[in-house]
Amino acid sequence: MQVAVIGAGVVGVCTAYFLAEAGHEVVVIERHGNVAEQASFGNAGVIAPGYITPWAAPGMPRKILSYLFKSEAPVLFKPTMDRALWRWIRLWLSECELDRYRINKERMQRVALYSRDVLHQLREHYQLEYEQTQGYLQLFRTEREIQLAEPALALLAASEVPHRMLDADAAHLLEPGLSSATTLAGGLHLPQDESGNCPLFTKQLKYIAQSIGVEFHFNSILTSIQHENNRVALHIDDRRFHADAVVVAAGIESAQLLKPLGIHIPLYPVKGYSATASIKNFDEAPLAALMDESYKVAITRMGNRIRIAGTAELGSLDLELREAALRTLIKVGEDWFPHAANYNTANFWCGARPMLPDGAPLLGATPLKGVYINIGHGSTGWAMAAGSGKLVADIVSGHTPDIDMDGLALSRYG
């Protein structure tokens with residue numbers, strides 16, 4: 001089949017690769033000048049199936065309210081009259097109950113665990129190097145945070161995910177560069193989780209995909225998708241193209257592309273931030289990836305750089321850097337690894353994460369023949385990309401996916 005993939009982020013490129021590997025003629029349409037130019041560009045780099053969790057969690061609404069008047073906070077909220085925002089918030093609140101949290105976390109973890117295996121297969125087969133590190137350490141500043149993590153710990157145990165609770169001394173042994181001046185109640189170590197440079201991986205996979213026949217069309221703007229004579233018609237700039245199938249993997253822009261087709265998805269942009277700084281003192285730098293549970297900010301080692309990523313801004317549709325968000329990133333870096341880098345001179349970035357209220361992505365077919373989706377990964381697109389791409393390619397090819405797709409299809413939104 002001739003298949004068009006819309007979007008050349010890490011999710012779209014993985015999808016294109018696996019479609020080509022399955023024998024399809026594949027074209028990727030991307031509005032920017034290269035792969036991984038939007039949400040894939042500045043993400044945390046974390047691949048942590050063990051830690052992965054929906055934003056909608058018990059106690060989260062109260063925590064967000066407590067952050068509103070703090071100078072450094074993991075969440076920024078800008079109330080607007082946007083009806084889509086309030087509709088999204090209403091759905092999100094309904095997913096914060098414990099039973100819904102367990103269901104949603106299991107769905108996300110199912111995709112992420114599978115994706116990690118697929119990523120490892122790609123890495124070993126092609127001998128890829130993308131500044132990967134092994135292990136993930138979640139940092140708890142208070143005993144209260146450890147108590148709030150108990151439902152997640154129970155799910156880790158039930159899923160038989162290797163993990164270990166550490167006291168402060170053990171956490172400092174694992175990461176010797178951690179500052180002793182910052183209060184640390186304990187840590188959760190996930191030895192099988194990892195991190196890596198997402199844009200670097202995506203560019204490497206682009207070249208591999210091209211070598212097996214995938215064509216990339218950059219600086220191409222898709223304006224609409226239509227059905228014509230049992231095929232899919234794509235309107236790109238001033239031209240019209242036809243394909244047997246299309247996979248929409250365009251991040252936050254996916255919702256607007258699908259809406260004229262009668263496919264309405266509660267996808268909303270949640271702005272995320274990152275800061276990338278060169279290491280100046282390697283002895284006091286992180287060895288692997290960490291998460292500050294208080295501020296929901298990740299600290300990732302990427303070769304000779306440190307990336308600090310986090311802060312969710314809801315209600316802002318622009319991509320301007322907010323001083324409050326940057327302060328939070330700098331604070332976390334200086335709290336834990338104060339002498340590793342000069343965070344004030346870091347390269348700062350922000351981008352729109354395509355978030356669904358319940359957290360798990362939407363993968364596979366739509367009610368329209370030949371139209372498929374691979375969307376809604378939120379801040380975990382890198383962690384789910386390889387597996388999501390393989391799953392969608394299998395569905396397009398008429399093959400049975402390797403994992404249970406319950407709760408991952410469009411039908412979960414009726």
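1. Let me start with a helix pair. Helix 4 (residues 98–126) packs against helix 6 (residues 150–158) at an angle of about 45 degrees, and their axes are 11 Å apart. Axes here are lines fitted to C-alpha atoms, for helices over the stretch in contact, with angles from 0 to 180 degrees between N-to-C directions. That makes helix 4 oblique to helix 6; angles under 35 degrees count as roughly parallel, over 145 as roughly antiparallel, 65 to 115 as roughly perpendicular, and the rest as oblique. Helix 4 makes the contact through Leu98, Tyr101, Arg102, Lys105 and Gln109, and helix 6 through Pro151, Ala152, Leu155 and Leu156, contact meaning heavy atoms within 4.5 Å.

2. A word on the basis of these notes. This is a predicted model, in which local features need pLDDT of at least 70 and side-chain atom pairs count only at pLDDT 80 or more, while totals for chains, interfaces and linings use all residues. Residues are numbered from 1 along each chain as its sequence is written, and side-chain values use heavy atoms, with hydrogens and water left out. Helices (H or I, at least four residues) and strands (E, at least two) are DSSP runs numbered from the N terminus.

3. Helix 1 (residues 10–21) reaches 16 Å from its first C-alpha to its last, close to the 16 Å expected for its 12 residues; the expected span is 1.5 Å times one less than the number of residues. It is largely enclosed by the rest of the structure, because 11 of its 12 residues are buried (under 20% relative accessible area, with exposed over 50% and partly exposed in between, using a 1.4 Å probe and protein chains only). Among the buried residues are Cys14, Tyr17 and Phe18. Glycine 23, with a positive phi near 105 degrees, follows helix 1.

4. Helix 10 (residues 323–336) also agrees with expectation: its 14 residues should span 20 Å, and its end C-alpha atoms are 20 Å apart. Its buried residues include Leu326, Asp335 and Trp336.

5. Two residues deserve a look for their backbone. Most residues other than glycine have a negative phi. Glutamate 160 has a positive phi near 60 degrees and sits in the loop between helix 6 and strand 6 (164–166); at 71% relative accessibility, this glutamate is exposed. Threonine 311 has a positive phi near 65 degrees, but lies in strand 16 (residues 305–314) and is buried at 2%.

6. How many salt bridges does a search of the whole structure find? The search finds 21, each a side-chain nitrogen of Lys or Arg within 4 Å of a carboxyl oxygen of Asp or Glu. Lys271, Glu313, Asp318, Glu320 and Arg322 are linked in a network of them; glutamate 320 and arginine 322 meet at 3.4 Å, N to O.

7. Aspartate 402 bridges to lysine 390, with the closest N and O atoms 3.7 Å apart. Lysine 390 is in helix 11 (381–396) and aspartate 402 in the segment after that helix, so the pair ties together parts 12 residues apart in sequence. Arginine 239 pairs with aspartate 237 at 3.9 Å between the closest N and O atoms; arginine 239 is partly exposed at 45%, and aspartate 237 is partly exposed at 34%.
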